[in-house]
Amino acid sequence: MEDKTNVIKIQRYHSPCGDLMLGSFEDKLCLCDWAAESHRDIVDRRLRKVLKAGYEKSTSDVILEAMSQLDEYFNGERTVFEVPLLFVGTEFQKSVWYKLLEIPYGSTVSYGELAKQLDLPKAVRAVAAANGANAISIFAPCHRVIGSNRTLVGYGGGLPAKKRLLDLELNGKPLL
């Protein structure tokens with residue numbers, strides 16, 4: 001029998017931009033990833049391996065709170081999330097993901113600007129790859145990172161979802 005502490009509880013959340021897979025490990029959110037994301041299996045393998053845990057379709061207080069806060073976000077009622085996060089990745093990836101948390105609601109930065117903020121101006125591609133490996137979309141707002149020419153590039157949920165999220169934040173038009 002598997003130890004219950006080694007369980008990642010997962011639940012599907014239907015957002016106006018597409019379905020998200022939410023996951024919690026112990027008392028932290030470790031997953032908010034697009035269900036249709038082409039890299040889902042990579043994220044899933046990384047979480048299961050590093051946390052030495054299996055998935056269980058169920059819910060938790062953290063997942064319920066994340067759903068509630070996502071509803072408020074999509075309704076245009078929330079600009080800051082208050083859910084405890086668990087980033088699972090390399091130290092470099094985590095440094096990028098923590099930096100994402102500093103990008104204010106309604107703002108964008110380019111991959112180059114993000115690399116400079118990390119004092120790694122020549123590591124734009126590595127920063128972009130780490131951004132793309134983010135398993136906690138929206139809460140760690142990788143959608144706020146755009147191309148150097150201010151265009152929308154690369155997003156796990158697809159560019160239409162990225163555009164809708166940025167439109168919500170920049171124009172205040174609720175999506176629910």
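Analyst: Let's start with Asp41: at 41% relative accessibility, Asp41 counts as partly exposed, because buried means under 20% relative accessible area, exposed means over 50%, and partly exposed is in between (1.4 Å probe, protein chains only). Before we go on, this is a predicted model, where local features need pLDDT of at least 70 and side-chain atom pairs count only at pLDDT 80 or more, while totals for chains, interfaces and linings use all residues. Residues are numbered from 1 along each chain as its sequence is written, and side-chain values use heavy atoms, with hydrogens and water left out.

User: What makes Arg45 and Asp41 a salt bridge?

Analyst: The closest N and O atoms of Arg45 and Asp41 are 3.5 Å apart.

User: Why are Arg45 and Asp41 said to be about one helical turn apart?

Analyst: Because they are four residues apart in helix H1, residues 40-51. Helices here are DSSP runs (H or I, at least four residues), strands are too (E, at least two), and both are numbered from the N terminus. In general, an α-helix has 3.6 residues a turn, so residues three or four places apart point the same way.

User: Where else do four residues make about one turn?

Analyst: In helix H6, with Asp167 and Lys163. Their side chains meet in a salt bridge at 2.9 Å, N to O. Asp167 has 28% relative accessibility, so Asp167 counts as partly exposed, and at 44% so does Lys163.

User: Is Lys99 buried or exposed?

Analyst: Buried, because its relative accessible area is 16%, and the cut-off is under 20%. Its salt-bridge partner is Glu102, at 3.1 Å, N to O. Glu102 is exposed, because its value is 53%. The structure holds nine salt bridges, and Glu72, Arg78 and Glu82 are linked in a network of them.

User: What makes Asp33 count as buried?

Analyst: Its relative accessibility is 3%, so Asp33 counts as buried. Asp33 lies in strand E3, and its contacts (heavy atoms within 4.5 Å) include Arg40, Asn134 and Ser137, not counting residues up to four places away in sequence.

User: How do you know that the length of helix H2 agrees with what it should span?

Analyst: At 1.5 Å a residue, its 14 residues (61-74) should span 20 Å, and its end C-alpha atoms are 20 Å apart, so the two agree. The expected span is 1.5 Å times one less than the number of residues. Buried residues of H2 include Val62, Leu70 and Phe74, and what covers the buried ones includes strands E1, E2 and E3 and helix H6. After H2 comes Gly76, whose phi is positive, near 75 degrees.

Terms used:
A salt bridge is a side-chain nitrogen of Lys or Arg within 4 Å of a carboxyl oxygen of Asp or Glu.
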